[in-house]
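Dear colleague,

Please find the structure below, together with a short account of what was found in it.

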Amino acid sequence: MRRLRSIAALCLPLSLGLAGCGLTRPPATVEAPFPAQWHAPLPHGGSLASLADWWRQLDDPLLVELIAAAEAASPNLASAAARVAEARSTRVQAGAALLPNLDGTLSASRGVSGSSFGSGATSSSSSSSTAIAPVTTLQAGLQSRWEIDLFGRLRADRDSAEQKLNSATAKWHDARVAVAAETANAYFAERACQQQLRVAESDAKSRGETARLTDLSARAGFTAPADAALARASASDASGRLTQQRAQCAVQRKALVALSGIDEFTLEQKLAASPTQRALPVVGSIASVPAEAISQRPDVYAAELGVASASADVGSAEAERYPKLSISGSIGRMQIRTSGFRESLDTWTIGPVSLTVPLLDGGARAANSDAAKARYTEAVSLYRANVRQAVREVEEALVNLDATDARTTDADAAVKNYQASFDATQARYSSGLASLFELEDSRRTLFTAQTARVSLQRERTEAWVALYRSMGGGWARPESLSMTSNPAAKAATSP
């Protein structure tokens, strides 16, 4: 026991002293190219809290149901969740490596052993006798091994695993935001397609009626055959567009079925029972400081954590080039039973205390360190590129949303006035004061304006969805890391 205490007293200061010799890692946080201000029009009159579950703001239960179904059916979301579970397991393993491991052993064996007893000067036929008895051996013990983290390799592995877990969690949120945005866009595209289908049906019906009346007039000799041919051609053209539009709507609906996983017949019933047109809600206010706004994107946060993880990996690779110290030991109890005899023995060992020093590996450890540094450089570049892309996406969404808002009034006015012009031209044509060419030209202009308005409405909904997605979709980074882990954001928002 005294020897055990003396060895422990010797090893403990050594391990504690060497454990402080951790290697310096590259910076875990780096500055990113955040602009000082947005170069796009900002909406006002809301709060950042309105970003969360933004699709509920439409007061459209069907859209909420479709997004929930798409999240449940999405393979991307399922893969992201699996990666979170995998990263969590890796984090547990990395943390466990810092602690001593302890294994218990139990064993039992049974056999025979012989013993000879000499009889001295007796006859040669009985010079010896042999006694054979069964022997039972029972053993129980504990074995432990502990690697002292001299240069921070195990701590670096733990930190890297922790950052990868947080990054995987952020990527799950990013996948969820992407699924919601994709489903919303598919839903709005379905609604826009149905609106355009109604425009095409109205146009085809109107042209068909004109062709019928013109044909009757031509047969009676009141209209030239050329005009009748023009009217029939116009009706056929409208019928072709109607068929094409129906096909586009069918394809669009199948895309929505694939996204949501809902049966097509059931989805058709739900769409038919839901209102086709809903006004977009007012967009909430966007933080005027880009660094503050962009920091709420899960993909930017994941890229930021990628830098921290790569930094820890460099520290781990560097520590691999230095000595490793490990301590092992065991305690046990053994019992022997035979022919009524029983004996118990207690055993313990401390050691070996082993120090492994890398001497020659052909440059493998140095190459691993260089590779880790290269991955760190790549992670920094990807993070900065991710920030630039995020700023671009937000500003593009802001510009598109503002432009479509400004164009909506003009598009509505154009449709209203072209409709009035067509109605007047049709009345003149019915009275014989306008030619069929004038009527068809007015009809074509009205159809173009109606199609442009439907396209503008879809473009506006896409810009609305893109803005919420580019702002993170309501995700917020962990409170404890919201500013401390982002020096650029901290500098931009500090007084």
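Helix axes here are lines fitted to C-alpha atoms over the stretch in contact, and angles run from 0 to 180 degrees between N-to-C directions. Helices (H or I, at least four residues) and strands (E, at least two) are DSSP runs, numbered from the N terminus. This is a predicted model, in which local features need pLDDT of at least 70 and side-chain atom pairs count only at pLDDT 80 or more, while totals for chains, interfaces and linings use all residues. Residues are numbered from 1 along each chain as its sequence is written, and side-chain values use heavy atoms, with hydrogens and water left out.

Helix α5 (residues 225–260) packs against helix α6 (residues 264–273) at an angle of about 110 degrees, the axes being 10 Å apart. The two are therefore roughly perpendicular (angles of 65 to 115 degrees). In contact (heavy atoms within 4.5 Å) are Arg 253, Lys 254, Leu 256 and Val 257 of α5 with Glu 264, Leu 267, Glu 268 and Leu 271 of α6.

Helix α9 (residues 364–430) bends by about 30 degrees at Thr 408, the bend being the angle between axes fitted to the seven residues ending there and the seven starting there. Just after α9, Gly 432 has a positive phi of about 85 degrees.

Thr 137, in strand β2 (residues 128–148), is buried, with a relative accessible area of 16% (buried means under 20%, with a 1.4 Å probe and protein chains only). Leaving aside residues up to four places away in sequence, Thr 137 touches Ser 107, Ala 108, Ser 109, Met 334, Gln 335 and Ile 336.

Yours sincerely

Methods:
Parallel < 35°, antiparallel > 145°, perpendicular 65-115°, else oblique. Buried < 20%, exposed > 50% of the residue type's maximum accessible area, 1.4 Å probe, protein only.
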